[in-house]
Amino acid sequence: MTDPRTETAAAEPIVVAIDGPAGSGKSSVSKQAARHLGFGYLDTGAAYRALAWHALERGVDTSDALAVLDAAGDFDYAISLDPDDYWVRVGAAEVTDAIREPRVSDAVSGVARVPAVREAVNAMFRALVASSGRPGVIVEGRDITTVVTPDAPVRILLTAAPEVRAARRSAEVATQDATAVADALHRRDAADAQVVDFLTAAPGVTVIDSTALDFEQTVDAVLNVVRAETGAQHGR
Ligand SMILES: Nc1ncnc2c1ncn2[C@@H]1O[C@H](COP(=O)(O)OP(=O)(O)OP(=O)(O)O)[C@@H](O)[C@H]1O
Ligand SMILES: Nc1ccn([C@@H]2O[C@H](COP(=O)(O)O)[C@@H](O)[C@H]2O)c(=O)n1
């Protein structure tokens, strides 16, 4: 039995929820803002990507919801919330880079459309945040502000013009030409938008449009919203 005079409840981490379309800067900006804040960083898309990778490894057709659910049955997933030591694992396999490959990006929307998969990963995201041991966690994805943590004290929709997002993504991908990269990005957004709405801000969600901002200005914009919404004195 615990002694109530000495027991102190662990404080709930502050959640900064960030949604947005592909290539809007969610992961890179969230990771950098988390460093400034001393917060954890949770990339929720990595779970869907890792499950897509796992399904592809087993030769599963990711457009077949029942086959995806079957693959999810032995999905042993782990992710780091440390913005300075980011990794993703499935079982013993380190898949941090493999889940960014175009074949996974092309398959991931099929996996993300299965309701039972979404429910399971959402419960896992909430548990990861609660056990993070950090004063706060920046959680980024597509439905964080609306479904995963709709009561988060900070909720942001990070956007940028489609052509700007495609150009930024294209600059990172050496294996495909710019048109193919842009087509894949827009195709994925269209498929994902049928499942969750990450293109319009829900009530109470602050929009940051990074079309005319550079990377550091976008990080600053996020930090300013965190300060304004929480009164926190974190960061620069
Ligand atoms: N404001 C900005 N100005 C210039 N480049 C940016 C800006 N924000 C992000 N970037 C760059 O754009 C690219 C895409 O960003 P990032 O991967 O973070 O997007 P994302 O929203 O997480 O994409 P996805 O959902 O596809 O994983 C990265 O190379 C990142 O460094
Ligand atoms: N909250 C989320 C996060 C992601 N997805 C799906 O995962 C894919 C990969 O996400 P990235 O952020 O790494 O691009 C994305 O295309 C969605 O299919 C999701 O559904 N909900």
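A nonpolar core is a set of buried Ala, Val, Leu, Ile, Met, Phe, Trp, Tyr and Cys residues joined through side-chain atoms within 4.5 Å. The model shown in these views is predicted.

**View 1. The largest nonpolar core holds 54 residues.** Six of its members touch the most other members: Leu42, Tyr77, Ile79, Val88, Ile138 and Val222. Helix H2 gives the most to this core, with 7 residues. In soluble globular proteins, nonpolar side chains tend to be buried together.

**View 2. Three strands make an open sheet.** The order is S3-S4-S5, and the pairing is antiparallel. Strand S3 spans 77-79 and strand S5 spans 93-94. These two are the edge strands, and each pairs on one side only.

**View 3. Strands S3 and S4 pair over 3 bridges.** S4 covers residues 88-90, and its pairing with S3 is antiparallel. Look for alanine 78, which stands opposite arginine 89 in S4.

**View 4. Helix H2 lies across the strands S3, S4 and S5.** H2 comprises residues 45-57. The helix runs at about 35° to S4.

**View 5. Valine 88 and its contacts.** Which residues does valine 88 contact, leaving aside its neighbours within four places in sequence? The list includes Ala46 and Ala50. Tyr77, Ala78 and Ile79 are also in contact with valine 88.

**View 6. Ligand 1 is surrounded by 19 residues.** The closest are Lys26, Ser27, Ser28, Glu172 and Thr218. An N or O atom in the side chain of serine 28 is 2.6 Å from an oxygen atom of the ligand. For arginine 168, a side-chain N or O atom is 3.3 Å from a nitrogen atom of ligand 1. Phenylalanine 215 takes part through its backbone: an N or O atom there lies 3.4 Å from a nitrogen atom of ligand 1.

**View 7. Ligand 2 is surrounded by 16 residues.** Arg49, Arg118, Asp143, Arg188 and Asp192 are the closest. In the side chain of arginine 49, an N or O atom is 2.7 Å from an oxygen atom of ligand 2. Arginine 188 places a side-chain N or O atom 2.8 Å from an oxygen atom of ligand 2. Aspartate 143 has a polar side-chain atom 2.9 Å from a nitrogen atom of ligand 2.

Note on methods
Residues are numbered from 1 along each chain as its sequence is written. Chains are lettered from A and ligands numbered from 1 in the order in which they are written. This is a predicted model: local features need pLDDT of at least 70, side-chain atom pairs count only at pLDDT 80 or more; totals for chains, interfaces and linings use all residues. Side-chain values use heavy atoms; hydrogens and water are left out. Two strands pair if DSSP finds at least two bridges between them. Helices (H or I, at least four residues) and strands (E, at least two) are DSSP runs, numbered from the N terminus. Contact means heavy atoms within 4.5 Å. Axes are lines fitted to C-alpha atoms, for helices over the stretch in contact, and angles run from 0 to 180 degrees between N-to-C directions. Buried means under 20% relative accessible area, exposed over 50%, partly exposed in between (1.4 Å probe, protein chains only). A residue is near a molecule or strand if one of its heavy atoms lies within 4 Å of it. A polar contact is a pair of N or O atoms within 3.5 Å; within protein, one must be able to donate a hydrogen and the other to accept it, and residues adjacent in sequence count only if both atoms are side-chain atoms.
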